[in-house]
Amino acid sequence: MPKDMTLTDDIFTRRESAARSYCRGMPAMFAKGRGSELIDADGNSWIDFLAGCSSLNYGHNDPEMKAALVEHITADGIAHGLDLHTDAKAGFIEAFERHILAPRDMDHRIMFTGPTGANAVEAAMKIARKVTGRTNIIAFTNGFHGVTNGALAATGNGYHRGGAAMDLAGVTRMPFDGYFGEGVDTAAQLEQMLSDASGGVDAPAAIILETVQGEGGLNAASPEWVRHIEAIARKHGALLIIDDIQAGCGRCGTFFSFEEMGVTPDIVTMAKSLSGFGLPFAAVLVRPEHDVFGPAEHNGTFRGNTHAFVTARVAIEKFWAGEAFTKELAEKQQLIHDRLADLAAMVPGATLKGRGLMQGVDVGSGELAGAICARAYELGLVIETSGNEDQVVKVLAPLTTPVETFSKGFDILLSAARGVLDGQAKIAAE
């Protein structure tokens, strides 16, 4: 009789691709998610400070979103609709227009792309190239925009770029704000190079940036720098693309990460928490004059996600129809800052990074950051690293995390750091 391999071998090790990532450091068999909590098949629980890498900004299984989705499914609501008109899509667009675009004086149209952020970035870059007739895109050091080849060309991370196994063309990389330290204005450098006929940088179709570089180490651009970049784009006939895939949907304290900076991007890419429920859903917001694609010129079988339309509408109406949620986020971002300052004080030379509710601590090495996160997992906290050398301990908890849960999670994080640092000190003393 054939051997029952399920009794002797782990199904994931046996059958899942070696490309798997997060599960290597967090090998539990997760079975349930509730609010800011993950629960495994044996009933063990973890506080979630990762939130699907900012795809679960409103937590796991929000009850109102879940109820609306269940009602839609049990009533035989459309499950897949290509880009047909549906009541679910109309409900989402109307809510997004009323509560997100109109109050912010944004006239952008909504283009539904394939379900990943990378696909939204691909579409944004294609739009810019078609609008301007140019090919060059300016991106920045430590930026992360996805791993499909077009988006990967704009991504700085060498490990991910190596996965393409081919040349990645069409992008000029420039230094992000603060890349050379304080006192060096990298926007002025870019302006000078573009203004010099011998600067060696081709006239760009677009400049693409994250206001806070999530995977790049929580490098936060100043409002002044972002405004200067916008002025450069306008002067040189380029479109400004802001990638708000990780930093948007409230992660920086307001719905868009840039809305208090005084800029109006030509294109905004969105995904991750846009669905509100962790469902695959991405979109491009584009100014009407740049809405140049013909029918199906950028298409895909899953452009738009009808189930995500249902939950996204509820998320907008529940959290963004008034000011209460934004005020709550302001209080929580201060709490995060204060507790992370305690962590930074434990590590000589450590620095605070990020802003809003995507903050972290650069502890100086990927080895130390990884050890802290691994110990935190053992103690009941899911948290990850970021940065060019994975040296930043990064907090991406659900925005809806109760203050008490935040406090408990930070207690675990600090205990983990203390244990790791004490262990290192003991080894050094021997």
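**Exercise 1. Determine where Asp105 lies and whether its side is buried or exposed.**

Solution. Step 1: Asp105 belongs to the loop that runs between α5 (87-101) and β4 (109-112). The structure examined here is a predicted model.
Step 2: The cut-off for an exposed residue is over 50% relative accessible area. Asp105 has a relative accessibility of 73%, so Asp105 counts as exposed.
Step 3: The backbone of Asp105 has a phi near 60 degrees, which is a positive value in a residue other than glycine.

**Exercise 2. Determine where Cys249 is found, and decide whether Cys249 is buried or exposed.**

Solution. Step 1: Cys249 is in the loop between β10 (239-243) and β11 (267-270).
Step 2: A residue is buried when its relative accessible area is under 20%. For Cys249 the relative accessibility is 2%, and therefore Cys249 counts as buried.
Step 3: Although Cys249 is not a glycine, its phi is positive, at about 55 degrees.

**Exercise 3. Describe the surroundings of Gly117: which element holds Gly117, and which residues are in contact with Gly117?**

Solution. Step 1: Gly117 has its place in helix α6, which covers residues 117-132.
Step 2: The relative accessible area of Gly117 is 15%, so this residue is buried.
Step 3: When neighbours within four places in sequence are left aside, Gly117 is in contact with Ile245, Ala271 and Ala282.
Step 4: Gly117 and Asp243 are 126 residues apart along the chain, and their C-alpha atoms are separated by 8.9 Å.

**Exercise 4. Carry out the corresponding description for Pro204: which strand holds Pro204, and which residues does Pro204 touch?**

Solution. Step 1: Pro204 is located in strand β7, residues 204-209.
Step 2: With a relative accessible area of 1%, Pro204 is therefore buried.
Step 3: Residues up to four places away in sequence are not counted; Pro204 then touches Arg134, Asn136, Ile138, Leu194, Gly237 and Ala238.
Step 4: The C-alpha atoms of Pro204 and Thr351 are separated by 34 Å, and the two residues are 147 residues apart along the chain.

**Exercise 5. Identify the residues that touch the most other members of the largest nonpolar core, and examine Ile229.**

Solution. Step 1: The general principle is that nonpolar side chains tend to be buried together in soluble globular proteins.
Step 2: The largest nonpolar core has 87 residues, of which Phe96, Phe140, Ile229 and Phe256 touch the most other members. Helix α14 (residues 403-429) gives the most to this core, namely nine residues.
Step 3: A second, separate core has 25 residues, including Met125, Ile245, Ala271 and Val286.
Step 4: Apart from neighbours within four places in sequence, Ile229 is in contact with Phe140, Ala187, Leu190, Ile207, Leu209 and Leu240.

**Exercise 6. Decide whether the radius of gyration of the protein agrees with that of a compact globule, and describe the protein as a whole.**

Solution. Step 1: For 430 residues, a compact globule would have a radius of gyration near 22 Å; the protein has 22 Å, so the two agree.
Step 2: Along the principal axes, the C-alpha atoms fill a box of roughly 60 × 60 × 55 Å.
Step 3: The protein contains 14 helices and 17 strands, and buried residues make up 50% of its 430 residues.
Step 4: Among contacts with a separation of 6 or more, 73% are between residues 24 or more positions apart.
Step 5: The protein exposes about 19,400 Å², of which carbon and sulfur atoms supply 52%.
Step 6: There are 37 positive and 54 negative charges, and their mean positions are 3 Å apart.

Key. Residues are numbered from 1 along each chain as its sequence is written. This is a predicted model: local features need pLDDT of at least 70, side-chain atom pairs count only at pLDDT 80 or more; totals for chains, interfaces and linings use all residues. Side-chain values use heavy atoms; hydrogens and water are left out. Helices (H or I, at least four residues) and strands (E, at least two) are DSSP runs, numbered from the N terminus. The radius of gyration is taken over C-alpha atoms; the globule rule is 2.2 Å times the number of residues to the power 0.38. Buried means under 20% relative accessible area, exposed over 50%, partly exposed in between (1.4 Å probe, protein chains only). Contact means heavy atoms within 4.5 Å. Accessible areas come from the Shrake-Rupley method with a 1.4 Å probe; for residues, only the protein chains shown count as cover. Lys and Arg count as positive and Asp and Glu as negative; His and the chain ends are not counted. The place of a charge is taken as NZ of Lys, CZ of Arg, CG of Asp or CD of Glu. A nonpolar core is a set of buried Ala, Val, Leu, Ile, Met, Phe, Trp, Tyr and Cys residues joined through side-chain atoms within 4.5 Å.
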